[in-house]
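Please open the structure in a viewer and keep the selection tool at hand.

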Amino acid sequence: MLQNLLWIAPPLPWRLLGGRCGRWWWPVRPLVQPLPGNGSRMQTEAGTGVMLPGRRVTVRVDGSSEVIPEEPTRGRSEVSSEPMETSQDGQTAQEMAVPPEQDPLAAAKEKEGAPEDAGADALLGPLWPPSGMGIRGTLPHSGCREQETQQRSGKDDGHDSSASLVWAATPGMLFQEDKQIRHHPLSLSWVLGYNSSLAVHSLMDREDRVLLYVSSHTVVIHDILGNRQYHLQGHTNVISCLCVSEDKRWVATADRGPDALIIVWDSFSGIPVRTIFESHPEDGVSAIAISQDMKYLATISAGTVQRVCVWKWTSPTEKPMCSTELRPEFGYQDYVIFNPQNSYEFVSNSKTQVIFYLWGNAGLQYSAPLLSSQTFNSMVGHFSQSVFHFNNSQALTSTSAGKLVVWDVASPRNPSTELQVKRHSMKATKLVPMQKDSLTVLMVFESCIVTGDVKGQVKFYNGELQLLACYSHDKVGPIRSISFSKTLPDPARASSAFSTSCTSSSQPFVARNFILSTSDATVLHVATDRTNFEKVMEEAKKAVNAIACHPRQALVAVGSHCGLLKVWDYQQTKYLVSRIFPKASIQCLSYDPEGYFLAAGFTDGGVYILDAISLQSSCKQFKFSHGAVTHISFSHNSEYLATADEKYSVTVYKRVLRNGSRCWEHLAGLHSHYKPIRSILFGVQLDSNEPRLLSIGEDRQLVEYDLNSSSKDHLVVLRKDRVEQVAVPLCLAWYPQLSTESFILTANNCYKMKLYNTTTKMCRKTLLGPTYGSPLEKIQILPTTNTTDPQKCYLAYMTKDKVGLQILPIDGNPHKSSAFICHPDGVSDLASSYDGRYIFTAGGHDHTVMKWEVNLNALDAAASLGGEDLIPFYNLLDGGREGEFFRELEDYFYYAQLRSHGIDTLETRQVSTHIPLEEIPSVMRAMGFYPSEEKIEEMINEVKFSKYVDTGEQVTKINLGDFIKLYINHRPAFGLSMKKIQRAFQVLGYDNENGDTVIDRGDLLLLLQCRGEHMTEDELAQCLTTLLGKHPRGGGPEPDTYDPSGAAALTEEEIPEEITAEIFAADILGLPVAEPERKNRKKER
């Protein structure tokens, strides 16, 4: 990299370049710059965007989140330690920020005349989109909903015809509409799995059994009996906590991570009615609760120093009503609940400390009463959950020792309101042993205290902690949550079933049906009138890293680290068959092209080849890998199976005929890479139907194997090619046959996609890939059934946390790509359906698989709106087509034409729109892009052989339009930041006595001549004297001759013995340095 920076003395006139301190010295503008405030809101056509570091997320009108890519740098700028964030059209965050609109709740109250403290009831009036969240269909012309709204808003209730969807919403309304029209390239269609560490809530029971739970960053409202889902989308981080109001209507969710949000949803309509930005900007939210009167929220932050806040969420203010910080010695508070009888009291607990709060005009006060084993001379255990008693001043806390701690007011009881301020001063008065098993859930429902434990038992107690009833099942695991139905069971059946369970003979105990969720990812419905435990869902208990789609049917296989392998019919969204591999973890899956076999790779190095329908083993388990199997793939004719493992080895299995039947056997394995293998890929030979196998690794090696010449225990390598100089290749795919030439497509960690000739492995084209916060991790050509235009192809890809689509052929146009956040904690795998209508993503540690519906027409429309020909590329230049940067480029381009004819010639010049290929490096460097010699060769070859396959002739010149495309596709996607230079110094240098990372002057000169692309002594002397402003020709127009005399003395005089990254950038290279870096450099000197 350092050599490339030194080659900035282009053979162009100094008067054009502006001298060594000119703006042109820095290659491209860094991307990210500190924003004026986290979570800045921007009004867009589709909704309101939330600025996040390294990306822009637009929350659309239907609640979905689309990611606007980090735009590649447009031109040159000064060195900055932080990149500047730009939107797709190049506007900065400051340009796009707009003042927030009037809060909808305030608008609703003003229109309805609701009092300030009307609470959640005020939301039933007219509601407009809340700041930060878009709402679909709230305008008066929303079709059938408008008619329903008008019918409900007549004279009887006093509302006008503009009544909102929230006012008109009724339970079950979400699933009464026809299927929504998909307006985005990718729309979330179904979610498999959920976050088993959070509660599952029952919204409706009996005829309409509707559950609410969290999957990654999405809230799922699932109609179990109707087999339908509705998704509440708006969070960009994984949801960390949620709560539901007493009437099951209002749902509050919060997340952890950058720009964490708190969102309050209307579960009847699916509309986000309130969004709180920057509630806990440091680390997000760990616990949340809603008061009984539905007016207030209590939140606890997830930071090391936790902050507790109380919010009046029906108020338009963005500030909490009161807050306080907790001491770290209280432990990590992860549970909070309000007192149902008094919304000004709530309690929270960690594993070791219970805290009681009282808030009001005096602020938020709390007390943390002490309790240890010595208090009652009995083991207490860890706290799990706390509640307030339903008919007295006591509170209860359940523990892992199977006991209940009874808390009561420390001061004498007095009905006077003056003493209410002391209600938060609590102390432990009793430690009641309830059972031997650990209690995991404690709640109050109606006039009962309900507990759940690690054995799956649910017990009901009266106010004196006398047992009323117990429900248990031997196959129920540790209970995570209990949620009761809103309707009572049939009294006659309930009385006959449970009169024997009651402690009071005078009045039989009647419980409502309830939903149980367990920590092992199982959800059960319990019908109390007949003691019936019905399994509703059973999902993966551990990470889901493997998915594969059947090549001919609507089936998707899902494998998890708990050994569970499931096959789903994704059209009917129903589970078909499963198999559990005890004490084994599935890491990867693959169907063979015919759909007869399903191969599974495991973390212990094992490989199973299963029947695709029954999931029974087709042969014995293979175990030839010494590490976890990371990739697995079949050849096109199902004759070979190849795997790659974490020990950098490729193993091949072959299908052979033995004793009259076909079976699989191990062929050979090879330690073919020295860094992790990123992809293995089967293909077909160009001149035959024989399979070919390739692998690519982080060692930058593309390895092709000779399967025909391989024999038992001997895997032959046909050739090895280094495909990158600096970047690391991350994924590999066969490029569709869109031209005469055949290509292999790769994507690297520098946001570049490259096409290599399938035979010569020569890099034929380098292109700017999607820039959505992280590089592409996996790519897959989307199957298409479009017979009218076979040349129309698309690419599906995943990044670290997003899934996207790309229109082919790739040309660097950013408008031909789109991406959406799918798994904020990381995507582990990607698969597409056999017909290309759906894409599936696995979320790894979030235990979920998401099904995305593809709408290619929306993607094509977005690309058309971005402009044709050179328009999208002009917009990637600083200032666009009319900017100074483009005019400067034109000047350099036409000056290069003059140079090619000779500056001093007196002959008549031939006017042309092209320059010779030999001038490409000079113009690139003049524009601030300093490619290596290998990169220069790639650029020239890309143009030279662009038409060779079709015409047999080489191209010798390039026009301005093609040069702009070449420049944008080859330059660094986000420029060169000061951090990159500092990282290079950390690798090559040492820390001096002042603690600064430096490189010795002699070592630097030696490195430049001996490492990387070597510079000769004369080349180095010429560059240094030019950079230091001592060019012998004084900056003449033709610096082609050079006298190296005096270079050594000049080097010792101008360059210090110890060089820091800041000195190298500012004093040697002459690059403008950001102010913080400049101050650091002054301190060093």
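Rings of Phe, Tyr and Trp, the last by its six-membered ring, count as a pair if their centres lie within 6.5 Å. In this predicted model, select Phe330, Phe338, Phe346, Tyr357 and Tyr366: ring pairs link these residues into a cluster.

**Aromatic pairs**

The structure holds 36 aromatic pairs. For one of them, select Tyr471 and Phe514, whose ring centres are 5.7 Å apart; the planes stand at 80°, so the pair is edge-to-face. This pair links distant parts of the chain, since Tyr471 belongs to strand 29 (residues 467–471) and Phe514 to strand 31 (residues 514–518), 43 residues apart.

**Charges over rings**

Select Lys566 together with Tyr575. Lys566 lies over the face of Tyr575, at 5.1 Å from the ring centre. Then display Arg881 and Tyr874, where the arginine lies over the face of the tyrosine at 5.4 Å from the ring centre.

**Salt bridges**

Side chains of opposite charge can pair when their charged atoms come close. A search of the whole structure finds 29 salt bridges. Begin with Asp223 and Arg228, whose closest N and O atoms are 2.5 Å apart. Asp223 is buried, with a relative accessible area of 3%, whereas Arg228 is partly exposed at 34%.

Select Glu538 and Lys535 for another salt bridge, with the closest N and O atoms 3.2 Å apart. Glu538 is partly exposed, at a relative accessible area of 31%.

Which parts of the chain does the salt bridge of Asp604 and Lys623 tie together? Its closest N and O atoms are 3.7 Å apart. Asp604 lies in the loop between strand 39 (597–602) and strand 40 (607–611), and Lys623 in the loop between strand 40 and strand 41 (629–634), so the bridge joins parts 19 residues apart in sequence. Asp604 is partly exposed, with a relative accessible area of 35%.

To end this stop, select Glu724, Lys754, Lys935 and Glu938, which are linked in a network of salt bridges.

**Helix 8**

Select residues 856–865, which form helix 8; Ala858, Leu859, Asp860 and Ala863 are buried there. What covers these buried residues? The cover includes strand 54 (793–798), strand 55 (802–808) and strand 56 (817–821). At the start of helix 8, inspect Asn855: one of its side-chain oxygens reaches to within 3.3 Å of the backbone nitrogen of Asn857. Just after the helix, Gly867 takes a positive phi of about 105°.

**Helix 19**

Just after helix 19, select Gly1070, which takes a positive phi of about 75°.

Technical notes. Residues numbered from 1 in each chain as written. Predicted model: local features only at pLDDT ≥ 70, side-chain atom pairs only at ≥ 80, totals over all residues. Heavy atoms only, no water. Helix = DSSP H or I, 4+ residues; strand = E, 2+ residues; numbered from the N terminus. Phe/Tyr/Trp six-rings, centres within 6.5 Å; stacked < 30°, edge-to-face > 60°. Lys NZ or Arg CZ within 6 Å of the ring centre and 35° of its normal. Salt bridge = Lys/Arg side-chain N within 4 Å of Asp/Glu carboxyl O. Buried < 20%, exposed > 50% of the residue type's maximum accessible area, 1.4 Å probe, protein only. Contact = heavy atoms within 4.5 Å. Polar contact = N/O pair within 3.5 Å; in protein donor to acceptor, adjacent residues only side chain to side chain.
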